[in-house]
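Good morning, everyone. I will walk through one model today, starting with a side-chain contact.

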Amino acid sequence: LKNVYGDDAVDRSSVSRWARRLSGESGHANIRDPPRTGRPQPAQTPDNVQRVGLKEMSVQLGNDKASVCRIFKHLGLKRVCARWVPRMLTDAHKETRKLCAVNSWHSMRIVEMIFLREM
């Protein structure tokens, strides 16, 4: 792992600790989550999403709908499923995700070449 990932590789002691923790009495680990009761908690709550009509907002602000749309866009909001929600990814976030994907792809190519060479 050190050859491929360098300083970003997980050290041997962590891997050994994980292996001990995951090895049960029979030598096999149950990696599945235990069943849960009840409904899953929704990510959408009244605190983080509010339904706001464009007409209602324009009346409250005393502006026309086009001006309200420009204000929302300026604030980094966009209309999704008839609701205005903040855009989570900035250009910097998108660039970071792109670099991570490219690095992962290159790492996998290296692992693939090593695997094929050793066959």
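**A pair on one helix**

Arg-109 and Glu-112 sit three residues apart in helix α5, which means about one helical turn lies between them. Their side chains meet in a salt bridge, 2.8 Å from N to O. By salt bridge I mean a side-chain nitrogen of Lys or Arg within 4 Å of a carboxyl oxygen of Asp or Glu. A search of the whole structure finds one. Arg-109 is partly exposed, at 37% relative accessibility. Glu-112 is partly exposed too, at 36%. The cut-offs: buried is under 20% relative accessible area, exposed is over 50%, and partly exposed is in between, with a 1.4 Å probe and protein chains only.

Now the ground rules. This is a predicted model, where local features need pLDDT of at least 70, side-chain atom pairs count only at pLDDT 80 or more, and totals for chains, interfaces and linings use all residues. Residues are numbered from 1 along each chain as its sequence is written, and side-chain values use heavy atoms, with hydrogens and water left out.

**Layout and confidence**

The chain has five helices and two strands. From the N terminus, the order is α-α-α-α-β-β-α. These are DSSP runs numbered from the N terminus: helices are H or I with at least four residues, strands are E with at least two.

How confident is the predictor? pLDDT is its confidence in each residue, from 0 to 100. The chain averages 76, and 76% of the residues score at least 70. Which elements have the lowest and the highest mean pLDDT? Strand β2, residues 83–86, is lowest at 52. Helix α5, residues 91–118, is highest at 85. Where pLDDT is low, the predicted coordinates should not be read in detail.

**Inside**

Of the 119 residues, 11% count as buried. In soluble globular proteins, nonpolar side chains tend to be buried together. Here the largest nonpolar core has five residues: Leu-54, Met-57, Val-68, Phe-72 and Leu-77. Helices α3 and α4 (65–74) each supply at least two residues of this core. Such a core is a set of buried Ala, Val, Leu, Ile, Met, Phe, Trp, Tyr and Cys residues joined through side-chain atoms within 4.5 Å.

Take Leu-54. Leu-54 lies in helix α3, residues 54–61. Its relative accessibility is 14%, so Leu-54 counts as buried. Ala-66 is twelve residues away along the chain, and the two C-alpha atoms are separated by 9.2 Å.

**Outside**

Back to helix α5, where Met-108 is found. Met-108 is exposed, with a relative accessible area of 52%. Together with Leu-1, Tyr-5 and Val-111, Met-108 forms a nonpolar patch on the surface, with about 390 Å² of accessible area in total. Patches take residues with over 30% relative accessible area and no salt bridge; like charges are joined within 9 Å, and nonpolar side chains (Val, Leu, Ile, Met, Phe, Trp, Tyr) within 5 Å. The areas come from the Shrake-Rupley method with a 1.4 Å probe, and for residues only the protein chains shown count as cover.

Another pair spans the sequence. Val-4, in helix α1 (residues 2–5), is partly exposed at 26%. Val-4 and Ile-114 are 110 residues apart in sequence but 9.5 Å apart in space, C-alpha to C-alpha.

**Cysteines**

How many disulfides are there? Zero, by the rule that a pair of cysteine sulfur atoms must lie within 2.5 Å. Cys-69 is partly exposed, at 23%. Cys-100 is partly exposed, at 44%.

Definitions and conventions. pLDDT = per-residue confidence, 0-100.
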